[in-house]
Amino acid sequence: RCCDKVSMLWHRALAWALRLVRGRVCVRSTHAFVFSECTHGKVDSVLETFDLYAETHPSLCIGPETGEVLDEVVRRVRPSRVLELGMHCGYTSVRLLRLLPPAGRLITVELDPLTAELGEEIILVAGFKHSQFQVLTSSSAEAIPTLRSFLEPDQKTSEGFNLVLMDHDPQQYLPDLLALEREELLCPSGCSILLISRKTRAEDLREILDHVRLRADRCSIKTELRSMVEISYQKESGNVECDNKI
Ligand SMILES: C[S@@+](CC[C@H](N)C(=O)[O-])C[C@H]1O[C@@H](n2cnc3c(N)ncnc32)[C@H](O)[C@@H]1O
């Protein structure tokens, strides 16, 4: 109806104006809103509260639309070991954790110490335990060479990650992919690498996608959307079972 349409447009215009006026992303404000408004222990409530906040405040969270694309990939890949580069306030960490199997594990890396601390608190507020996730406060470049010890604390053989989400610094995507491969941290029988793009035409991903196209023996572009690209990585030809279905 006409009234509903006008009201919806008014609501959108107001939300847009508020986001514009409020200017920069504020980690403390995001955390304070989610912490005080969500129902503690309820994952869906935590995610809905992040989305509510992002309606009227600048936010770096991927949001519900890209979030649903991410969910589809996680449901298909069914990973047991996930690496996230760029945790921010924990929105994507919570989205990932809620779809992992009981023995699944997330390692998430965040450069900024305050953000890492506040993001970790939100993951705990959502009801997850330290046995399910680990937050590393450092740059991705510094964290990657140390990851094996977190993946396999007992230092036995490791299959590597089945899923990697990169949403930190697009200039680091290619160096980090190369480092993950060099350190043998990508599951040889199959790993999905998800790259988030925040540019309208994904030009920030050109370098890494050019590299992937040249590495057809191991990598391929599985899905290419405006906000997210999925790369399939496979080193071995299918006879090694990767433990991605716990
Ligand atoms: C766009 S935000 C991530 C948003 C998150 N995925 C979400 O949807 O909630 C990017 C985050 O990556 C962090 N970051 C930037 N460069 C990084 C790097 N080289 N290593 C680790 N974290 C980094 C930033 O501090 C920021 O918190």
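Predicted model: local features only at pLDDT ≥ 70, side-chain atom pairs only at ≥ 80, totals over all residues.
Strands of a sheet pair through backbone hydrogen bonds, either parallel or antiparallel.

β1 and β4 run parallel and are joined by 4 bridges. Within this pair, Leu85 has Met166 of β4 as its bridge partner. The next step, from β4 to β5, is again made by 4 bridges between strands that run parallel. Here Leu163 stands opposite Ser192 in β5, and Val164 has Ile193 of β5 as its bridge partner.

How many of the residues of β5 are buried? The strand is mostly covered, with 6 of its 6 residues buried. Cys191, Ile193 and Leu195 point one way from β5, while Ser192, Leu194 and Ile196 point the other way, and all are buried. β4 is likewise covered on both faces: Leu163 and Leu165 lie on one side, Val164 and Met166 on the other, and all are buried.

Helix α9 also has a helix as a neighbour. Two packed helices are described by the angle between their axes and the distance between the axes. For α9 and helix α10 (residues 206-214), the axes come within 7 Å and cross at roughly 35°. Tyr173, Leu174 and Leu177 of α9 make the contact with Glu207, Ile208 and His211 of α10. By class, the residues of this contact divide into 4 nonpolar, 1 polar and 1 charged.

At 1.5 Å a residue, the 13 residues of α6 should span 18 Å, and the end C-alpha atoms of the helix are 18 Å apart, so the two values agree. The buried residues of α6 are Thr115, Ala116, Leu118, Gly119, Glu120, Ile122, Ile123 and Val125. They pack against α2 (27-37), α3 (43-56), α5, β2 and β3. Just after the helix, Gly127 takes a positive phi of about 110°.

Most residues other than glycine have a negative phi, and most peptide bonds are trans. Arg78, with phi near 50°, has a positive value, and its place is in the loop between α4 (63-77) and β1. Is Arg78 buried or partly exposed? Arg78 is partly exposed, because 15 other C-beta atoms lie within 10 Å, whereas a buried residue would have 20 or more. Glu184, in the loop between α9 and β5, has a positive phi of about 55°. Glu184 is partly exposed as well, because 13 other C-beta atoms lie within 10 Å.

The ligand remains. Which residues are closest to the ligand? Of the 20 residues that surround it, the closest are Gly86, His88, Tyr91, Leu111 and His168. The elements that give two or more residues to this shell are α5 (91-97) and β2. Both of these elements are also among those against which the buried residues of α6 pack. The residues of the shell divide into 8 nonpolar, 8 polar and 4 charged.

Methods
Residues numbered from 1 in each chain as written. Near = placed C-beta within 6 Å. Nonpolar A, V, L, I, M, F, W, Y, C, P; charged D, E, K, R; others polar. Expected span 1.5 Å × (residues − 1). Buried ≥ 20, exposed ≤ 12 C-beta atoms within 10 Å, placed from the backbone. Contact = placed C-beta atoms within 7 Å. Pairing = 2+ DSSP bridges. Axes fitted to C-alpha atoms, helices over the stretch in contact; angles between N-to-C directions.
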